[in-house]
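Hi everyone, thanks for coming.

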Amino acid sequence: MTDTPIESLSRLPGMRRKAISMSQESLVRIEPLAPGRKLPMVVHPAVDGLDLAGWAKGHQDLVESELRRHGGLLFRGFGLRSTEEMEKVIRALYGELLQYTDRVQPRTQVSNQIYSSTEYPPDQTIELHNESSYAYTWALRIFFFCITPSPFGGATPLADGRGVFARMDPAVRQRLLEKKVMYIRNFGDGLGITWQTAFQTDDRARMEEFCRTRGIELEWRDRNRLRTRSVRPVALPHPRTGEWSWFNALISSHSSTLDPAVRQALLTEYAEDELPKNVFYGDGSPLEPETLAEIRRASREETVAFPWQEGDLLLLDNMLVAHGRAPYQGPRKVVVGMAEPVSLGNFSL
């Protein structure tokens, strides 16, 4: 006996039993967030009761195709309410979630491998960056889930790294490509996080081995203080599309992003390479103010932002799209999950 249209529909991925027949392609609508804007593209359910995790499991190729083109997808209107539901979507698309290691800013583990977004004072801006781009291994996919949107501000600005790369002055871009950048971090002065938090261990030998295998130079100093240096590229070809994209945490890690009064106060006590974090050219020489200004200009011209809504789930290709955080007031809860590790060793540089 053949199935009726209703019985056939009940077995479609992500679809609960409905009294209508519908093709899988029409279960969602994918459209720009605003006219002329392709980042992020918004995925809406076209029918009531669509389970996002179930739909995603049957449409991985579609999700990947849209990500390659646009860099980001905003799943809106699916009625997501919990981190458990967020995890189900991530696992449906990419399997296991990644642990957050080699940390720069404090985060709280919310559940399993879901973390709070960067715990930074709400009145301050977090500059655009690609997650863990200073590290040897990073996530290709990063998810942001809005549990509580702020009533005032708190957007997550985005910028397509392909556009930033193309917009940059060719001479500045070439110099940075050739010289790369050096991320310097200092631990143990009571500023920033501890090395135990950053590397998720209190075992020196284990931490030293972690750094040795990932191209991180260590310098133990007096009073259990530690300095690390790592030289990293500012841009990379995407491992699946081959497109060159601006990929780093240069601006967000540079001392010029600090509040001017705070920066001046710190520099009365510490040298530029003694701050909790800072960035230099790969040979250790300082980045010129005009170079930083050019990076900011190109990034600003590619930046888009949107107000969060409760239950929004944002998926980014972390190598194609940088993200930040606007200042906010009032309550705000956005959590983060990551998937698909990529390592610097996968690239011929």
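This is a predicted model: local features need pLDDT of at least 70, side-chain atom pairs count only at pLDDT 80 or more; totals for chains, interfaces and linings use all residues.

Residues are numbered from 1 along each chain as its sequence is written, and side-chain values use heavy atoms, with hydrogens and water left out.

Okay, the inside. When I say nonpolar core, I mean a set of buried Ala, Val, Leu, Ile, Met, Phe, Trp, Tyr and Cys residues joined through side-chain atoms within 4.5 Å. Buried is under 20% relative accessible area, exposed is over 50%, and partly exposed is in between, using a 1.4 Å probe and protein chains only. The largest core has 45 residues, and L176, W246 and L250 have the most contacts inside it. Its largest share, four residues, comes from strand β7, residues 137-148. By the way, helices (H or I, at least four residues) and strands (E, at least two) are DSSP runs, numbered from the N terminus. There's also a second, separate core of 30 residues, including A56, L80, L97 and V335.

So what does L176 touch? Leaving out residues up to four places away in sequence, its partners include M168, V181, V234, W246 and L250. A contact here means heavy atoms within 4.5 Å.

L176 takes us to helix α6, residues 170-179, where the buried residues are V172, R173 and L176. They cover an arc of only 100° around the axis, so they sit on the same side of α6; that arc is taken from the directions from the helix axis to the C-beta atoms. Facing away from that buried side are the exposed P170 and E178. Among the elements that the buried residues pack against are α5 (161-167), β10 (181-187) and α11 (289-302). Now look at the ends. D169 caps the N-terminal end of α6, with a side-chain oxygen 3.0 Å from the backbone nitrogen of A171. After α6 comes K180, with a positive phi near 60°.

Helix α3, residues 60-70, is the next stop. Its buried residues are V63, E64, E66, L67 and H70. Their arc is only 165°, which puts them on the same side of α3. The face turned away carries exposed D61 and R69. Just after α3, G71 takes a positive phi of about 90°.

On to strands. Why do we call β20, residues 333-343, largely enclosed by the rest of the structure? Because eight of its 11 residues are buried. Strands pair if DSSP finds at least two bridges between them. β7 and β20 run antiparallel and are joined by 10 bridges, and F144 has V336 as its bridge partner in β20. Strand β5 (114-116) also pairs with β20 in the antiparallel sense, over two bridges, and here Y115 has V336 as its partner.

Elsewhere, four strands form an open antiparallel sheet in the order β6-β18-β9-β16. β6 (126-129) and β16 (303-304) are at the edges with a single partner strand each, so one side of each has no neighbour in the sheet.

Last, the cysteines. How many disulfides does a search of the whole structure find? Zero, counting a disulfide as a pair of cysteine sulfur atoms within 2.5 Å. C146 is buried at 1% relative accessibility, and C211 is buried at 0%.

Terms used: A polar contact is a pair of N or O atoms within 3.5 Å; within protein, one must be able to donate a hydrogen and the other to accept it, and residues adjacent in sequence count only if both atoms are side-chain atoms.
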